[in-house]
Amino acid sequence: MRRIRRAAVLGAGTMGSQLAALLANAGVPVLLLDLVPTELTEDEGRRELTLEHPEVRNRLSRAGLDRALQMRPTAFTVPERAQLVTVGNFEDDLHRVAECDWVIEAVVEDLAVKQALMERLERVWRPGVVVTTNTSGLPVREIAHGRSEAFRRHFLGTHFFNPPRYLRLLEVIPLPETDPEVVRWVEEVAGRVLGKGVVVCKDTPNFIANRIATFGFLHTVRVMVEEGLTVEEVDELTGPFLGRPRSATFRTADLVGLDVLAHVARNAYQRLVDDEQRDTFRLPDWLEAMLERGWLGDKAGGGFYRRTDGEILTLDYRTLEYRPRQRPRVPALEAVRNLDDWARRVKAVLGAGDRAGRFLWRVLSGGLVYAARRIPEISEDLVSVDRAMRWGFGWEMGPFETWDALGVVEVAGRLQREGVSLPPLVEEVLGAGGRFYRRSDGVLEVYDPRHRTYVPVQWPQGVIVLQERKARGAVVARNAGCSLVDLGDGVACVEFHAKMNAIGEDIVRMLQQALREAEPRFEAVVVANQGPDFSAGANLVLLLMEAQEGNWDDLELAVRSFQQLNQAIKYFPKPVVVAPHGRTLGGGCELVLHAGRVQAAMETYMGLVETAVGLVPAGGGLKEMAVRASERFPEGVGADLFPVLRWAFELVATARVATSAEEARQLGFLRDGDGITLNPDRLVADAKDLALCLVRTGYRPPLRRPVRVGGQRVRAALYAGLHNLRVGGHITEYDEYIGRKVAHVLTGGDVPEGSRVDEQHLLDLEREAFLSLLGERRTQDRIRHMLERGRPLRN
């Protein structure tokens, strides 16, 4: 693959500045350009600058870069990445795009503006430079109107989802004339370098994801009004219960912005003259009234929800007045909330026959029918449609996966009984086998409407899907919370699949078995999974129950076993590569700290967060932070340990969580030799490659060395800092108490400064501190409070 050495982004607005950050996060130098201002600001006037001054001429692109640095959640993985972004303007710097491999236009969503910029761009364009227009639904062919044949061969549409760092979907929309090699290059760069999930789309209004999602939103709004539900009730039914994000329907609308949704809807209504559901894209009067009043969502201070004087208010769409948010009471949901199986849970509500059941059936069935009728209009590939909705909107299942989960025969039968004509695609599938997806000899297949048969699902090269490996008989061992999977080439994978992948007995036992199996059978072990999070820590429910029942011997044994497991991983003679992603907290972080090597997803949020519930890390986390502080200085150098131990102490005592793998490296959770993967789909394969590389180059585990600790002097200094924080009212008396426990372990206990202790000494201190805190009523109350707030497995 031709490398991407440099890129340009034209337009430094909200999306353009974030695209520059996305490229910089991947290590690609970026040129960020925008218009030249036509007027001075008051500040520029006071400073006697002129319109010709470079600071003034680059003001808009500089402001875009500054906004990206200030965004929350952050656009840059670490602020230092902004060094890779060079700001400029269209008048002075447009010619510099000839130095780039990829130019991304991201100006305002206006056809005439985009066309005019493309005309200017072609004058300075160099053959071979790939140009893409970023649009959420404008016709790509019209944006390229008037451009030369050579330019059009290197031109295509892209639709990055906002915010591009966090939403994986990239829709790629080629022209008929676009060189297939250019399309493949963009797919490869976007997938491997930028970490995107790429879906190739047809040039139809709003492409795939926005077309289906905008219909779904407006259809939901219509059904809500007709069934008389409230905004809160709709969000209760269309969020995690349905396998959708916690923001559900209306919180998502507030995040996206009602003006953005209205723009996409109006574009659909204007251009989809033959769509049988065209009228659905017409905004109801009360939504138009919200637009007129500026109730656009979070960016305008409120939309469907608003916060006033610390209280969250909800819009009553009937009166267009705000009222205190109400906790929705949906009996049908309460009856099935504890069911883990999605299909059983949803089918139970669909069959309830009450208002919630009718609403949910109308919303789901309407969306499923609409998606099926869009084939082959928006795509001939059902997998692309499902991936678009999962990657773009965070759905657990796309529409055709949902058809299968609910049962194509059952859904089609109910629709027919209600007098709804089935989409032709559904009729075909009913005749072909009654499912959109099926397994044949362990291979996942999908219905292909082009050939009216089933074909194997294709995965990008370099992707290992653990579910597919297991379906083909690669499971070596399995229990309720974990599996040992043969990845081939002498590499085993320990895959967590417990609830939130909480570290418990099942995971500890499987990791122990993996090390035993690796001795005679495997050359390396990978620890990874493909759930939403690597591990959210210990199971606080079980910890609390054991403590309240006084099972201290069992608790002591469980903690000791986890410590011993992590030590075995650290000193195992064969490489153990841990591949974290998502939330990697508490015990999950401790596993990472003991790995022979780490291959982390860029979007890894890692930290030792036990102090948040009144505990301390007890799986070797504090021990490893002390070891890493000691290793900062060569043997024989008597440097002061206090600065590095204070840094480690503050990380643990404040339960700080790294917001990216790069920040985790800065904080010391990852080492310089650990790898980072931007595309989470490639994480397992990259971890396997790293493990094999370590095997080929002759892996050697670390030597067991004594640890130089801070001892009494450093501990006293940390105690003094805690005392000052408590006296100043910054922490509570119990926070100080917990902090003193952390400091005691981290500095090696009651030993002189500079003492050398073995790792077991630090582990014993950890275990003692953990168990003593768990026995405190105040700690148990903290844990109980966190459980009541709905976070039962997070420490």
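Mentor: Let's begin with strand S13, residues 443-448, which is mostly covered, with five of its six residues buried. Buried means under 20% relative accessible area, exposed means over 50%, and partly exposed is in between (1.4 Å probe, protein chains only). Strands (E, at least two residues) and helices (H or I, at least four) are DSSP runs, numbered from the N terminus. Keep in mind that this is a predicted model: local features need pLDDT of at least 70, side-chain atom pairs count only at pLDDT 80 or more, and totals for chains, interfaces and linings use all residues. Residues are numbered from 1 along each chain as its sequence is written, and side-chain values use heavy atoms, with hydrogens and water left out.

Trainee: Okay, how many bridges join S12 to S13?
Mentor: Four, and strand S12 (residues 437-440) runs antiparallel to S13. Two strands pair if DSSP finds at least two bridges between them. Arg 438 stands opposite Glu 445 in S13.

Trainee: And what sits between S12 and S13?
Mentor: Two residues, in a hairpin; Asp 441 in that turn has a positive phi of about 55°.

Trainee: How does S13 pair with S14?
Mentor: In the antiparallel sense, over four bridges, with S14 covering residues 453-456. Val 446 has Val 455 in S14 as its bridge partner. S13 and S14 form a hairpin as well, with four residues between them, and Arg 452 in the turn has a positive phi of about 55°.

Trainee: Switching to charges. How many salt bridges does the structure hold?
Mentor: It holds 72. A salt bridge is a side-chain nitrogen of Lys or Arg within 4 Å of a carboxyl oxygen of Asp or Glu.

Trainee: Which residue does Arg 165 form a salt bridge with?
Mentor: Glu 603, with the closest N and O atoms 2.8 Å apart. That pair links distant parts of the chain, 438 residues apart: Arg 165 is in the loop between strands S6 (155-160) and S7 (169-174), and Glu 603 is in the loop between strands S21 (597-601) and S22 (604-607).

Trainee: Is Arg 165 buried or exposed?
Mentor: Arg 165 counts as buried because its relative accessible area is 10%. Glu 603 is partly exposed, at 22%.

Trainee: What about Arg 560 and Glu 556?
Mentor: Their side chains meet in a salt bridge at 2.6 Å, N to O. Both lie in helix H25 (residues 552-570), four residues apart, about one turn of the helix. Arg 560 is partly exposed at 28% relative accessible area, and Glu 556 is partly exposed at 22%.

Trainee: Which residues are linked in a network of salt bridges?
Mentor: Lys 570, Lys 623, Glu 624, Arg 628, Glu 631, Arg 671 and Glu 759.

Trainee: New topic: where are the cis peptide bonds?
Mentor: One joins Arg 72 and Pro 73, with omega about 0°; Pro 73 is in the loop between helix H4 (59-70) and strand S3 (85-89). Another joins Ile 375 and Pro 376, with omega about 10°. Pro 376 is in the loop between H17 and H18.

Trainee: What else is in the loop between H17 and H18?
Mentor: Arg 374 lies there, between helix H17 (355-373) and helix H18 (382-393). Arg 374 counts as buried because its relative accessibility is 4%. Its C-alpha atom is 9.1 Å from that of Pro 423, 49 residues apart along the chain.
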